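I opened this notebook to keep track of what I looked up in one structure.

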Amino acid sequence: MRTPLFRGMKLNRWGAAISLLLLSSLFLAACGENSPSILNTVGPVAGEEAGLFWFILIVATIVFVFVEGWLIFSIVRYRARPNTPEPRQSHGNNTAELIWTIVPSIFLFAVLIGTIYTMFSLQNVSGSSKITVNVVAHQWWWEFDYPNNGGIVTADTLYIPKGAVVETNLYSNNVIHSFWIPQITGKTDDIPGHTNTKIFRADTAGVYEGLCTEFCGAQHAHMDFNVVVFNTMDEFNTWASQQQQAAQTPTDTLALQGMNIFKGAGGCTACHGIVGVNLSGYNDPKATGLVGPNLTHFGSRSLIAGGVLTNNAGNIDPNTGVLDHSVNNQCQPGNLSNCNLAKWLANPQAVKPGNDMFVNLTPDQINALVAYLESLQ
Ligand code: CUA
């Protein structure tokens, strides 16, 4: 007597529901215009990497469906039934052995070829122009140096022009970190005593998320950065020449008071540099010995201390990525209850335990320092 396959199961209905669920989760995963997903790419490097991901997923899906399908079919179709005789016993089958050796080899070879092809094309990124950035991983924040743009130094935000090849040299002065901009480029380690290089390009202006993706200590999760992609090389050059300027001496009394606290009683200059205050220029030899970020244009940055806080003295301009202090400024003198910079200066160890900053400032000193630092645009 022949037993029907899948007796009593409403296979069609269940199968359809499960397939729909799986498919929708796959599509929803890359949804949202601003999703920082590796599949929502804005440059050729992340694009090639996403392409390789889809290729391997397709190959793996074909193998999965075939193997699991055959397995389920065999379990159901050839299961033991009452009064069936024992199956024919055999040992070895050269044809079957050959097939299940050769077929998987072909699939793995396809994945190998796809991977090697992608690795080579990642080395060939071309663009309308070229910039060089030295990326220095600190514990726990990112420094970006522009050796061909007057040696300017920023922290927490990488600024690049759209369409240009960005050549980065990756350093670490402490432990191993890993540099990653999911929508623009995959991960590359920053290793102490060794320089890694990485080339990429961004093709859509905007502000993107970057992060550290190698466990590097207690605050590894708070080691983020922003990537601002300018629409044109001109905009980038304008930004760079503005950053090359030494810090303005403030005219405002409170900010001036803040500058003097920075230079003196606050003890800030032990770790931080400001061009025009305690540094003669970006290439001042003193600069290399400083533990903390260069603060020359701190007021134009949107993140504080590796992104543990946002600099909420304004809104980040989606076109320029620079902080616009005229809107939503939570750091008005004398009214700092919601100001993140004031929160940071009051107790950096409470905000980001284990970081290198130890200060003991009075509320009046904090008020003046916030006025000064936010004036450095
Ligand atoms: Cu740096 Cu994780």
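**Entry 1: a pair of helices**

I looked up helix α2 (residues 44-77) and helix α3 (residues 94-121), and their axes come within 10 Å and cross at roughly 175 degrees. Here the axes are lines fitted to C-alpha atoms, for helices over the stretch in contact, and the angles run from 0 to 180 degrees between N-to-C directions. α2 and α3 are therefore roughly antiparallel to each other, given that angles under 35 degrees count as roughly parallel, over 145 as roughly antiparallel, 65 to 115 as roughly perpendicular and the rest as oblique. On the α2 side the contact (heavy atoms within 4.5 Å) includes Leu52, Phe55, Ile56 and Val59, and on the α3 side it includes Phe107, Ala110, Val111 and Gly114. Sorted by class, this contact of α2 with α3 has nine nonpolar, four polar and two charged residues; Ala, Val, Leu, Ile, Met, Phe, Trp, Tyr, Cys and Pro count as nonpolar, Asp, Glu, Lys and Arg as charged, and the others, Gly among them, as polar.

I noted two points about the source. This is a predicted model, in which local features need pLDDT of at least 70 and side-chain atom pairs count only at pLDDT 80 or more, while totals for chains, interfaces and linings use all residues. Residues are numbered from 1 along each chain as its sequence is written, and side-chain values use heavy atoms, with hydrogens and water left out. The helices (H or I, at least four residues) and strands (E, at least two) are DSSP runs, numbered from the N terminus.

**Entry 2: what is buried in α3**

Which residues of α3 are buried? They are Val111, Gly114, Thr118 and Ser121, where buried means under 20% relative accessible area, exposed over 50%, and partly exposed in between (1.4 Å probe, protein chains only). What covers these buried residues of α3 includes α2.

**Entry 3: the cores**

I then looked up the largest nonpolar core, which has 41 residues, and Tyr146, Leu158 and Phe179 have the most contacts inside it. Such a core is a set of buried Ala, Val, Leu, Ile, Met, Phe, Trp, Tyr and Cys residues joined through side-chain atoms within 4.5 Å. Strand β10 (residues 224-230) gives the largest share of this core, five residues. Apart from it lies another core, of 33 residues, including Ala255 and Ala368.

**Entry 4: Ala368 and its helix**

I found Ala368 in helix α8 (residues 363-375), and at 0% relative accessibility Ala368 counts as buried. The C-alpha atoms of Ala368 and Gly258 are separated by 4.3 Å, although these residues are 110 residues apart along the chain. The axes of helix α5 (residues 253-263) and α8 come within 7 Å and cross at roughly 105 degrees, and α5 and α8 are therefore roughly perpendicular to each other. By class, the contact of α5 with α8 has nine nonpolar, four polar and no charged residues.

**Entry 5: backbone angles**

Most residues other than glycine have a negative phi, and most peptide bonds are trans. I noted that the peptide bond from Gln139 to Trp140 is cis, with omega near 5 degrees, and that Trp140 lies in the loop between β1 (130-138) and β2 (141-146). Asp156, which is not a glycine, has a positive phi of about 70 degrees, and at 5% relative accessibility Asp156 counts as buried.
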